[in-house]
Amino acid sequence: MESGEKRGIKSWLKWLISLAHALVLLLLTAFWMNTDYTYGDERMLVQWSSILKRVALGIDEDPPKTGYLFINLAHEKALIPLEDGLGNEVITDREKLAQFFQILKRNQEKVKFTVCDVFLKGQSESDSLLESSVKGIKNVIFPTHFAEDGKPEDLDVNVPHAIADYRMAGGGFLKFKLFQHDSLQTIPVHLFEQTTGRKFTRSGSMYFDNGRPGLNSVIIDYQIRAHEVFEQGEYPVVNLSELLILPEEIIVNDFLKNRIVLMGDFNGDVHETVFGSTPGTLILLNVYLTLKDGHHLPTVWWLFFITLGYAIFSRVMLFPEHDQSRIKNIRWVGPLLGSVLCLSALSVISYLLFNIHIQVLILTLYINLLRFIIRLNQAELSWSQVKDWLIELRETYFNFQ
């Protein structure tokens, strides 16, 4: 009887420790998800999770084809003199932009919003015309970027603008930080607030969407992909010059009405993502769609799911029922395959059910270190084994993007 009680208490303590450890994992997850760092190897997990959801299971529905218009500015070029030195530089033709925004101003109540992804640096003869054409339009935004001193650059044309910068690395674009430098609003956030009526607020290091706690960094779920727009023609794409030769009534009723308009250089402004080359304007749109679907808002059910998953994972990893009898022969180098598989499965399920990816590789690093410390007193490791473990640990995990 006494031995049975001891066994029961021992099991209870194991689960209590596992639950406490699950909360530690949850805090690590929250911290890591709110940064804009990723590991290169996580790209594959994100990519295949999306393929499983969209292609194999057919869970996701594409955004409405009639809700968006893409206006390509790749062939709308003009020359202006270099500010420092002789010669000219190429910019987007601001006279053509002015013609478009004059039409938009007269009919702005019919258009949901316009994102003109043109960085207005450098001065041209048409700047005052463009500025007067945009003035008075409520639902329009232009991009700005950070200068070398870390401050947003002032545009040479006075138009509404927001930050369009995001972290790029060798493995391609994966995450987007909604507020840069903690408080500077990005274009997707501005678009989200203006089209939904919701408002982001900040208190300390916490961000809130209409009072609900949310993430400041999100792994983007590419609901509209480049090949769907530019190869398969699932969404309307038109060159600006071709659009402007049409009568204004047709431009408004057949192209602009009840749409979000995305203007940008879809040929030149292209970045690598987990789903191939994608125009920067389309990346910004997909960030907006991610916010629109609430992927930045963890729910109570997600917290319950992830805490339970971490508790079961911790129970298995910290207190294995059948441990290895010959500790000396355990290989301490490299990632723990079991941890990677379990956490990857948890991330996939989290994405399928709640649209939230978990960045698992940083957690396997922590688990690897924890198990190494726990068993260090049980195993007689030679210096060469420890050295090999540290080298492989560095090569496996310290590949930041």
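1. Burial, as used in this note, means a relative accessible area under 20%, whereas a residue is exposed over 50% and partly exposed in between. With a relative accessible area of 5%, alanine 164 therefore counts as buried. Alanine 164 sits in the loop that connects β6 (161-163) with β7 (175-177).

2. The surroundings of alanine 164 can be listed. Beyond neighbours within four places in sequence, alanine 164 is in contact with Pro143, Thr144, His145, Ile187 and Leu284. Phenylalanine 142 lies 22 residues away from alanine 164 in sequence, and the C-alpha to C-alpha distance between the two is 8.7 Å.

3. The confidence of the model deserves a remark. This is a predicted model, with an average pLDDT of 83 for the protein and a score of at least 70 for 81% of the residues. Residues 1-9 have a pLDDT under 50, and the model gives them zero contacts beyond four places in sequence. Residues 323-335 also fall below 50, yet this stretch has 25 contacts in the model beyond near neighbours in sequence. Where pLDDT is low, the predicted coordinates should not be read in detail.

4. Five of its five residues are buried, so β15 is largely enclosed by the rest of the structure.

5. Isoleucine 80 has glutamate 89 in β3 as its bridge partner. The hairpin of β2 and β3 has six residues between the strands, and glycine 85 takes a positive phi near 115 degrees there.

6. The largest pocket has a volume of about 520 Å³. It is lined by 24 residues, of which Ala30, Asn34, Met206, Gly214 and Leu215 are the closest to its centre. Two or more lining residues come from each of α1 (2-33), β11 (206-209), β12 (212-214) and α10 (300-318). The largest share, six residues, is that of α1. By class, the lining comprises 13 nonpolar, eight polar and three charged residues.

7. The second largest pocket holds about 330 Å³ of space. Its lining has 20 residues, and the closest to the centre are Asp117, Phe119, His145, Asp269 and His271. The elements that give two or more residues to this lining are β3 (88-92) and α9 (280-292). Of these, β3 gives the most, with three residues. The lining divides into nine nonpolar, six polar and five charged residues.

8. Two residues link the points above. His145 is among the contacts of alanine 164 and is also one of the residues closest to the centre of the second largest pocket.

Technical notes
Residues numbered from 1 in each chain as written. Predicted model: local features only at pLDDT ≥ 70, side-chain atom pairs only at ≥ 80, totals over all residues. Heavy atoms only, no water. pLDDT = per-residue confidence, 0-100. Contact = heavy atoms within 4.5 Å. 1 Å grid on protein atoms, 1.4 Å probe; cavity = no way out; pocket = protein on both sides within 12 Å on 5 of 7 lines; lining within 4 Å. Points joined across faces, edges and corners; volume = space filled by probe spheres on them. Helix = DSSP H or I, 4+ residues; strand = E, 2+ residues; numbered from the N terminus. Nonpolar A, V, L, I, M, F, W, Y, C, P; charged D, E, K, R; others polar. Buried < 20%, exposed > 50% of the residue type's maximum accessible area, 1.4 Å probe, protein only. Pairing = 2+ DSSP bridges.
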